[in-house]
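Here is a short note for a colleague opening this structure for the first time. Please keep the 3D view open while reading.

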Amino acid sequence: MTRTRRRFLGAVAGATTVGAAGCLGGGQGSDDSAPATDESGESDGDGGSNGSGSGNTLGSHPATTGLDGQPRLGPPPGEAAGTIVAFEDPSCHRCRVFEEQTAPRIRSELVDPGDATLVFRGFPNVYPWGEVGVRALEATYARDADAHWALLDHYFDEQATFEGEGREAVLPRTREFLAAETAVDADAVVAAVEDGAADAAVETDLAAGEEAGVNGTPTVFLFRDGEYRTQATGSVGFEFVTTALGL
């Protein structure tokens with residue numbers, strides 16, 4: 001069991017406390033009732049810091065460790081002017097709002113024109129069902145990238161019901177969704193989660209996030225022309241992203 005894995009299990013054990021406060025770990029105490037985006041483009045993220053590592057480029061920053069193997073929308077990281085690396089938890093309420101309000105504009109106004117790349121990294125830190133969900137996302141991505149994005153949308157769309165049913169319901173519901181709505185082998189995905197085949201990919205993301213100083217979700221790291229610009233945790237508005245990236 002790695003150090004990162006132990007840290008993750010500890011986070012899950014304390015999920016009730018963290019979840020009640022919102023999606024910001026480490027005692028930052030976000031409030032799920034607070035607006036998650038600010039039309040002025042401001043963010044309640046801490047900005048400035050690049051975590052415990054010393055790298056300030058796309059190739060050396062700790063948040064980008066193993067980046068080539070991560071789910072992404074847009075060109076390979078570094079080819080577009082902007083690279084956005086988002087650490088998210090499917091059980092995180094703030095992440096759901098980020099996906100509902102900010103991510104669609106990133107996709108349509110930055111990724112589709114070729115101005116930015118959006119990278120997803122799973123970082124379960126709120127409710128236990130999110131840990132199972134992140135493993136299922138990794139197992140799905142290993143087989144079908146399109147199915148991964150569909151499953152991610154499904155988790156956020158149905159977040160409230162997953163939260164109510166708990167972690168035991170995640171895999172049966174995941175199998176049902178993937179079989180009905182995607183072309184991926186749903187049984188193979190579930191089997192990969194159950195036998196631990198997805199664990200290494202999850203631990204890679206957790207280790208990268210830990211090294212980069214992630215202590216809540218969503219945490220978004222922004223790079224422009226290969227250079228680190230800033231990061232934000234919690235409420236991350238579209239205008240904050242475009243202003244930071246100069247796009």
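The points below go from the whole chain to the sheet, the helices and the aromatic rings.

1. **Ground rules.** This is a predicted model, in which local features need pLDDT of at least 70, side-chain atom pairs count only at pLDDT 80 or more, and totals for chains, interfaces and linings use all residues. Residues are numbered from 1 along each chain as its sequence is written, and side-chain values use heavy atoms, with hydrogens and water left out.

2. **The chain as a whole.** The protein chain has 10 helices and five strands. Both are DSSP runs numbered from the N terminus: helices are H or I with at least four residues, strands are E with at least two. Of the 247 residues, 54% count as buried. Buried means under 20% relative accessible area, exposed means over 50%, and partly exposed lies in between, with a 1.4 Å probe and protein chains only. Contact means heavy atoms within 4.5 Å. Among contacts between residues at least 6 apart in sequence, 74% join residues at least 24 apart.

3. **The sheet.** Five strands form an open sheet with mixed pairing, in the order β1-β3-β2-β4-β5. Two strands pair if DSSP finds at least two bridges between them. The edges are β1 (72-73) and β5 (227-233), each pairing on one side only.

4. **Strand β4 and its neighbours.** Strand β4 (residues 219-224) pairs with strand β2 (residues 82-88) in the antiparallel sense, over six bridges. Phenylalanine 87 stands opposite threonine 219 in β4. Glycine 82 has arginine 224 of β4 as its bridge partner. β4 also pairs with β5, again antiparallel and over six bridges. β4 and β5 form a hairpin with two residues between them. Aspartate 225, in that turn, has a positive phi of about 50°.

5. **How enclosed are these strands?** Six of the six residues of β4 are buried, so β4 is largely enclosed by the rest of the structure. Both faces are covered. Thr219, Phe221 and Phe223 are buried on one side, and Val220, Leu222 and Arg224 on the other. In β5, five of the seven residues are buried, so this strand too is largely enclosed.

6. **Helices to look at.** Helix α5 lies across β1, β2 and β3 and runs at about 65° to β3. Such angles run from 0 to 180 degrees between N-to-C directions; the axes are lines fitted to C-alpha atoms, for helices over the stretch in contact. Helix α8 (residues 186-194) has Ala186, Val189, Val190, Ala192 and Val193 as its buried residues. Seen down the α8 axis, they fall within an arc of 160°, so they line one face of the helix. That arc is taken from the directions from the helix axis to the C-beta atoms. The buried residues of α8 pack against α4 and α7 (170-181).

7. **Aromatic pairs.** A search of the whole structure finds seven aromatic pairs. Rings of Phe, Tyr and Trp (its six-membered ring) pair if their centres lie within 6.5 Å; planes under 30 degrees apart count as stacked, over 60 as edge-to-face and the rest as tilted. The rings of phenylalanine 120 and tryptophan 149 have centres 6.5 Å apart and planes at 75°, so this pair is edge-to-face. Phenylalanine 120 is in strand β3 (residues 116-122) and tryptophan 149 in helix α5 (residues 145-157), so the pair ties together parts 29 residues apart in sequence. Both residues are buried.

8. Tryptophan 129 and phenylalanine 162 are stacked, 5.0 Å centre to centre with 15° between the planes. Tryptophan 129 belongs to helix α4 (residues 128-141) and phenylalanine 162 to helix α6 (residues 159-165), 33 residues apart. Tryptophan 129 and phenylalanine 162 are both buried. Arginine 173 lies over the face of phenylalanine 162, at 3.9 Å from the ring centre. A charge sits over a ring if NZ of Lys or CZ of Arg is within 6 Å of the ring centre and within 35 degrees of the ring normal.

9. **One cluster.** Phe87, Phe123 and Phe221 form one aromatic cluster.
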